[in-house]
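Open the model in your viewer and keep the selection tool handy.

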Amino acid sequence: MRALVWLRNDLRLRDNPALYHAAEERQGVVAVYVLCERFIERHETAPARLDFIRRHLSILQKDLAQRGIPLVLLRVREAGEIPTRLLALARHENCDRLYFNAEYPLDELNRDRQVADAALADGLHFKRFHDRVILPPGEVRNGQGEPYRVFTAFKKRWLQLASGLAMAPHGLPPRQPETLNSLTTRGLSLEQLFQRLALRDLAHLWPAGEEQALARLSEFCDEAIGDYKALRDFPAEPATSELSPYLAVGSVSPRQCLTAALRANDGRWDGGREGVATWIGELVWRDFYQHVVVDFPQVCQRKPLQTYTEGFPWRWDQADFNRWRRGETGIPIVDAAMRQLAQTGWMHNRLRMVTAMFLTKNLRIDWRMGESWFMSQLIDGDFSANNGGWQWSASTGTDAAPYFRIFNPVTQSERFDPNGRFIRKYVPELKALSDKAIHDPPPVSGYPKPMVDLKASRQDTIALFKALHGHRKSETGDE
Ligand SMILES: Cc1cc2nc3c(=O)[nH]c(=O)nc-3n(C[C@H](O)[C@H](O)[C@H](O)COP(=O)(O)OP(=O)(O)OC[C@H]3O[C@@H](n4cnc5c(N)ncnc54)[C@H](O)[C@@H]3O)c2cc1C
């Protein structure tokens with residue numbers, strides 16, 4: 001009997017525990033990928049991300065075939081159809097076990113529970129592995145056994161636990177015997193799988209595949225990681241790894257990233273090259289938000305993590321929202337960032353915070369509108385990281401930080417794009433301005449005036465949060 005491996009956002013051969021363990025048994029493996037139309041709609045998967053998945057599958061299908069593992073492509077309308085389709089495939093292809101790697105947002109957990117129940121009822125053995133995080137949800141707890149709500153404390157505990165673990169990534173899945181790789185099922189072709197879906201090919205910026213991801217990782221660890229701490233906040237510098245799209249579809253694993261970073265520092269977690277510990281800190285943020293969606297599943301239902309912020313009077317002004325989306329706010333750094341997103345499917349981390357704070361704190365527009373827009377555009381769209389970033393910026397989430405921490409986009413611009421290089425790249429209307437004037441420009445023909453008074457809107461938002469916070473204090477008697 002063979003094993004069925006269900007691939008999702010783990011589109012790689014190396015360090016893929018579900019695939020590795022199935023293949024290690026050398027009794028034959030069938031891999032399957034199921035595209036769910038409802039999930040694409042509900043999760044607002046960006047056309048750039050869908051196309052990135054398509055290109056990854058094309059490569060993976062060939063790579064798997066070389067190891068004697070056929071990849072079947074299936075498409076369903078509703079997630080509820082998945083259990084039946086997987087069980088039918090398992091029966092048809094003589095598989096008695098189903099292996100997959102865990103995903104943590106609520107929809108995905110519910111989908112997987114349904115599959116697990118159906119498998120159990122049908123006598124199909126199943127196994128779930130953890131590859132999407134370095135430490136699985138539930139393993140990082142405070143002294144009372146509770147989940148952390150604040151990153152700094154989470155990170156401290158995470159480092160204690162992770163630094164004591166042996167962390168060798170799995171290698172390639174062993175090749176399967178030739179006689180076991182024939183299929184009787186006819187899945188869809190890649191063209192059929194993505195038929196009638198909006199796709200955006202950004203291959204010139206984001207070439208697909210595990211080899212590309214690993215090459216980026218080693219280039220980053222060889223060249224840029226040492227300066228990461230000093231340069232990571234400057235969007236005009238190529239200082240960050242730009243691995244997020246690859247981590248999102250799983251063509252590289254976080255464990256591979258961690259071990260490469262440690263290797264670049266002679267195995268040391270701190271000391272040595274300065275940027276290494278800072279970069280590892282980013283991988284911890286990534287784990288943190290995946291833990292948050294499991295421990296606080298309300299965040300997957302469009303609710304804030306901080307319940308007291310539910311009553312905040314967000315605005316839903318479509319005209320203002322459209323100006324933000326299009327990069328026509330009249331605040332150069334915000335516009336440059338929104339245009340970077342539109343053109344490349346990606347945005348620098350510092351600017352994700354700046355644009356999200358501008359939308360939520362200056363325009364006071366509901367963070368959920370911004371969260372959706374990002375998901376619909378980002379090639380690295382990842383529910384946990386995106387929701388975490390938006391709730392952090394809107395002060396509804398995990399930050400200890402207080403709502404009165406509001407970035408001033410002009411000050412951020414002066415600090416992190418001091419000579420306006422990034423702004424000039426994406427807002428050519430302002431090209432001729434001096435390095436000083438470009439952050440807060442005088443009237444320029446063809447470029448809008450600022451759509452909001454930054455100072456006054458900041459004060460209004462703080463006052464509204466303060467009122468809400470005061471109300472919470474009088475309700476609960478605590479801070
Ligand atoms: C409003 C907002 C929305 C975001 N949406 C997403 C998203 O949809 N997908 C996504 O992967 N990241 C998201 N992030 C986090 C972060 O901006 C990106 O991961 C980062 O910019 C990716 O660039 P990089 O690969 O060069 O990162 P690097 O700086 O090289 O960091 C390495 C990796 O660590 C992880 N990481 C870094 N910062 C964070 C963070 N703050 N939270 C979680 N993981 C992090 C990413 O996987 C990243 O690839 C969001 C942040 C904010 C503030």
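Select S241 and the ligand: a polar side-chain atom of S241 sits 2.6 Å from a ligand oxygen atom. This is a polar contact, meaning a pair of N or O atoms within 3.5 Å; within protein, one must be able to donate a hydrogen and the other to accept it, and residues adjacent in sequence count only if both atoms are side-chain atoms. Next pick E282, where a polar side-chain atom lies 2.9 Å from a nitrogen atom of the ligand. The protein covers 95% of the 820 Å² of accessible area that the ligand has on its own (Shrake-Rupley method, 1.4 Å probe).

A word on what you are viewing: this is a predicted model, in which local features need pLDDT of at least 70 and side-chain atom pairs count only at pLDDT 80 or more, while totals for chains, interfaces and linings use all residues. Residues are numbered from 1 along each chain as its sequence is written, and side-chain values use heavy atoms, with hydrogens and water left out.

Now colour domain 1 (2-132), domain 2 (133-168 + 212-295) and domain 3 (307-471); these bounds come from an automatic or database domain assignment. What is the area buried between domain 1 and domain 3? About 720 Å², with carbon and sulfur atoms giving 54% (accessible area, 1.4 Å probe, lost on putting the two parts together, summed over both).
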